[in-house]
Amino acid sequence: MNTEKDFSPLTPNIVRALNDKLYEKRKVAALEIEKLVREFVAQNNATQIRHVIQILASEFALSQHPHSRKGGLIGRAACSIALGKDSGLYLKELIEPVLTCFNDSDSRLRYYACEALYNIVKVARGAVLPHFNLLFDGLSKLAADPDPNVKSGSELLDRLLKDIVTESNSFDLVAFVPLLRERIYSNNQYARQFIISWIHVLESVPDIHLLDYLPEILDGLFQIMGDNSKEIRKMCEVVLGEFLKEIKKTPSTVKFAEMANILVIHCQAADETKLTNDLIQLTAMTWMREFIQLAGRVMLPYSSGILTAVLPCLSYDDRKKNTKEAASACNHSLMKLVTPEDDEEEEEERRGSTESPSKENDKPKTETDSNDMLNASQESADFSNISFFTPATADRPQVTLDLDGIVQVLDRHLHDSSTGMMTRIAVLKWLYHLYIKTPRKMFRHTDSLFPMLLKTLSDESDEVILKDLEVLAEIASSPAGQTDQASSCDSTDNKVVLKVPEGVKPGQQPSTGSKAVDSSPSTPSMNSYFYKFMINLLKRFSLERKLLENRGAFIIRQLCLLLHAENIFHSMADILLKEEDLKFASTMVQTLNTILLTSAELFELRNQLKELHTQESCTLFCCLYRSWCHNPVATVSLCFLTQNYKHAYDLIQKFGNLEVTVDFLMEVDKLVQLIESPIFTYLRLQLLDVENNPYLIKALYGLLMLLPQSQAFQLLSHRLSCVPNPELMRTVDESKYMDSKQQVASRRASHSQVDYSELLQHFDRVQSKHLEVRHQRSGRASDHPDRKLM
């Protein structure tokens, strides 16, 4: 340094001492500077004060010589001490050169810079807050300093600055947040620790409303939670916990919508092998649960993203039990937010477009009006104990349900073969809930969802199949699915007369009164999708015979519970009547017949067919009979069920012309077993009335003659050997005999509504087709090279 240069008002001795390598001499010089500045303060000579500060900066603190820089730093601290409360007037000139030294390569110099700034801040106190961003930026760099002495010095300065901020009521949070948002993404552990400590301090100050700016830093906080340091993760947990407590206390001021997508991102585990990701996911899911419960319908526009994150978590095992439970709560709470008003938006838009024709093109078109809504089933969960925060303002913006996005997410999870069982169940519950709450909008997506819903019937889980059937049943029975134009499978030739609830005409939608609200899949009004469902279900059974064998009866029984059993059997019989694959038709009829005769779900339908008292029951019998003709033994059992014993006898007489195979005899064997079951108790009791039921006995003897000497033969032979002498039965009670005769006559009168000769002719035609097909198959088999005799 040029010692001849003019440094006034600094004396040459002061200048020389400031440049000395010994700390003690630089300290003496600092004391002289302090004395000099005090004199200027007493004289109110601001010009000289600024001149001293400027010389200490340009000639010392920013000098190329390290000892000069050290002297400049201690000199500036001395100036600040001398200025006292007036130091606030010169803080910019005092602070900036010191902060420049924070970047010096010499660790000792960085330490002295820390020491100098500490003294400056200690004197100025609250006056430094306008320069807080500069101080924070410098401290954030020192927090990651490799030198322990520098770090120790920066920690002292950091604590001092925190005390000042805590005591002050003039902290400029708006100016600070952009810097905090930038620094929060640092990957350095010490820098992260520094950031978290400051957020914790600011969050604890009542007059500093950091919660208002939480959307700016929330993502960074979750990033820090993934740090390898347990201490940092714990600090981050505490900070997030404090924020969540404050959110619960003052939900009306929280910007839920601005943070929703941040939570969605962190609810999805990027790498499940890392324990830190489990912590991030659990914390984000906990926040999401609270957000949904506190914000309510404000979260609806983000439903698709929330479901993307939540649904996979529902299939977690016990290792992630807490995350799974939080995800389940999120799922249920979100489902509760979807209400019938989300389906009514269309109607409001339609009315608006009618009133304002000029805006018609800007409004989405509405579908055919339907009833308000069916009540959700018990599976839609009970959320009566959950409270939702609703802003007090009456003019809050309308929240729109992102139904298209939700359906897309649900459909993607159904298509994904890796989706867990509980997730698939949740997806189907969602679809069912949406069809209940927003049927008009949901039926836009039915054509795209339908194939996957049918495919899901092949799922390995019975519970998944049950939920899938509930969705399909709701689609098939919802009045919103009734279209003006019949679907391709509802042509005039194919139409089935379906049974509908009392008071509702076919094709008519129930009113919006209480009856419509009380409608449920157990008392459905069939729509245009019902017949399509039945056709596709039978087609699936035809293509997947294992599905028919393993789950066919289970699926059909559940459908009989969800929809009207008569509709199921009537429509399937009608479809099978036109089935070209006769072998499948025979197998399907056998399956349906077994269900009809044995399932508890079909009790009412069996009673309806047993007597054939009404025109409807006779029509149903004729419909079933025509399809049952694909399977001769099933046809006979149907005649036994409906007490058409003479017709059963006539059919058995024709069995002599049929090809009697092992499968045929096995079916006869099963029929004999069924005759001995509780289902046919009434039939066995009618054997007591020999004179009035001769064809019943003849029919049973016909079956006996068809059977080889087997266990079934012995069983039926023993039963027939118990038939009493008719004369003996007549003498027992003449009055009862006459009553029985009248009952038989009444039954025969009701049966007169059925053209049995035409039914026999139909049986012959169907069996002729079966015989022709068998001959064709036999011919192809004999023509095969491997089958020819050598």
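Predicted model: local features only at pLDDT ≥ 70, side-chain atom pairs only at ≥ 80, totals over all residues.
Student: OK, at what angle do helix α3 and helix α4 pack?
Tutor: Helix α3 (residues 46–61) and helix α4 (residues 66–83) pack at about 160°, and their axes are 8 Å apart. Helices here are DSSP runs of H or I with at least four residues, numbered from the N terminus, and strands are runs of E with at least two. Axes are lines fitted to C-alpha atoms, for helices over the stretch in contact, and angles run from 0 to 180 degrees between N-to-C directions.

Student: Is that roughly parallel or roughly antiparallel?
Tutor: That angle makes α3 roughly antiparallel to α4; angles under 35 degrees count as roughly parallel, over 145 as roughly antiparallel, 65 to 115 as roughly perpendicular and the rest as oblique.

Student: Which residues of α3 and α4 make the contact?
Tutor: Among them are Ile49, Val52, Ile53 and Leu56 of α3 and Gly72, Gly75, Arg76 and Cys79 of α4, where contact means heavy atoms within 4.5 Å. By class, the contact of α3 with α4 has nine nonpolar, three polar and three charged residues. For these classes, Ala, Val, Leu, Ile, Met, Phe, Trp, Tyr, Cys and Pro count as nonpolar, Asp, Glu, Lys and Arg as charged, and the others, Gly among them, as polar.

Student: And how do α15 and α18 cross?
Tutor: The axes of α15 (residues 303–313) and α18 (residues 403–415) come within 8 Å and cross at roughly 25°, which means that α15 is roughly parallel to α18. Residues making the contact include Leu307 and Leu311 of α15 and Ile406 and Val409 of α18, and the residues of this contact divide into six nonpolar, five polar and one charged.

Student: New topic: which residues of α24 are buried?
Tutor: In α24, the buried residues are Ser528, Tyr529, Phe530, Tyr531, Phe533, Met534, Leu537, Leu538, Arg540 and Phe541, where buried means under 20% relative accessible area, exposed over 50% and partly exposed in between (1.4 Å probe, protein chains only).

Student: What do the buried residues of α24 pack against?
Tutor: They pack against α21 (446–455), α22 (462–477), α25 (545–562), α26 (565–576) and α27 (582–598).

Student: What about the backbone, where is Asn44, and what is its phi?
Tutor: Asn44 is in the loop between α2 (23–43) and α3, and has a positive phi of about 60° although it is not a glycine. Asn44 counts as exposed because its relative accessibility is 68%.

Student: And Gln643, buried or exposed?
Tutor: Gln643 counts as buried, at 5% relative accessibility. Its place is in the loop between α30 (632–641) and α31 (645–654), and its phi, near 65°, is a positive value in a residue other than glycine.

Student: What about the peptide bond from Ser8 to Pro9?
Tutor: That bond is cis, with omega near 15°, and Pro9 is found in the segment before α1 (12–18).

Key:
Residues numbered from 1 in each chain as written. Heavy atoms only, no water.
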